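Here is a walk through one model, starting at the DNA and working back to the fold. Keep the structure open as you read.

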Amino acid sequence: MDRPDRNFFKISALKLAKNLLGYYLVHVTEYGKLVGRIVETEAYMGEYDKAAHSYNNRRTKRTKVMFGPPGHAYVYLIYGMYHCFNIVAAETNIPQAVLIRAVEPVEGIEKMAELRYNKKLDKCSKKEILNLTSGPGKLCKAMNITVKNNGQDLCGNKLFILKGDNPPETDIITTTRINIDYAEEAVHFPYRFYIKNSPYVSVR
DNA sequence: ATACAGATCGGT
DNA sequence: CCGATCTGTATA
């Protein structure tokens, strides 16, 4: 399979969020290679987007990587215990990113089960396997992504993207984002994308 | 120095 | 619905 180059990420987060559906997220870890197929994303558009950490071009220690070049990881800790993995989009000084909300486990599923549930895959229920990576915090736990990966170049060889098949347009559901009730008018922006009928999307 | 809320999740 | 758990951010 093929790797997208830097230019793949050098587009608006909105376009990138859609283009990433069906692509693979790969993390080469000390536990082996962990791969998930991206089935759900959200775009965060920065300057005018009240749901974004970089709203109004707010530049802080945390949001710094979003102002950097595209194709890098933006990872932060949320609620004191979960991580969220984003891919920086657009260009330097345009702080946009795509939140990866859910993937379908593809490779290294045994390890993912151990990382997430601390037990063997064959001890996991059907439901647990479906929920292995069905949410931003869940996929980070299962794929061993933490703040240590913040700022990491996704054009490197530890944490990266592989090309996959985008779903047909008719299988892409576009809707509003999750858990951003505070974001006033941005609450209604149709910035969430997921693959229709995928059992691995975060539920609603 | 202090206060406070959050791009979540799992249990009740 | 609620609590866990802690850092980033704003305010002073």
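**From the DNA surface to the fold**

In this predicted model, 22 residues lie around DNA strand B. Leu 99, Gly 135, Gly 137, Asn 179 and Tyr 182 come nearest. What is the make-up of the surface by class? It has 13 nonpolar residues, eight polar and one charged.

Now move to helix α3, residues 109–117. Its buried residues are Lys 111, Met 112, Ala 113 and Arg 116. In an α-helix, residues three or four places apart point the same way, because each turn takes 3.6 residues. Which elements do the buried residues of α3 pack against? They pack against β2 (32–44), β5 and α5. Just after α3, Asn 118 takes a positive phi of about 60°.

Step back to the whole of chain A. Its secondary structure comes to five helices and eight strands. Along the sequence the order is α-α-β-β-β-β-β-α-α-α-β-β-β. Of its 204 residues, 43% count as buried. Take the contacts with a separation of 6 or more: 66% of them join residues 24 or more positions apart.

The C-alpha trace spans about 50 × 35 × 35 Å along its principal axes. The radius of gyration is 16 Å, which agrees with a compact globule, because one of 204 residues would have a value near 17 Å.

Methods:
Residues numbered from 1 in each chain as written. Chains lettered and ligands numbered in written order. Predicted model: local features only at pLDDT ≥ 70, side-chain atom pairs only at ≥ 80, totals over all residues. Helix = DSSP H or I, 4+ residues; strand = E, 2+ residues; numbered from the N terminus. Rg over C-alpha atoms; globule rule 2.2 N^0.38 Å. Buried ≥ 20, exposed ≤ 12 C-beta atoms within 10 Å, placed from the backbone. Contact = placed C-beta atoms within 7 Å. Near = placed C-beta within 6 Å. Nonpolar A, V, L, I, M, F, W, Y, C, P; charged D, E, K, R; others polar.
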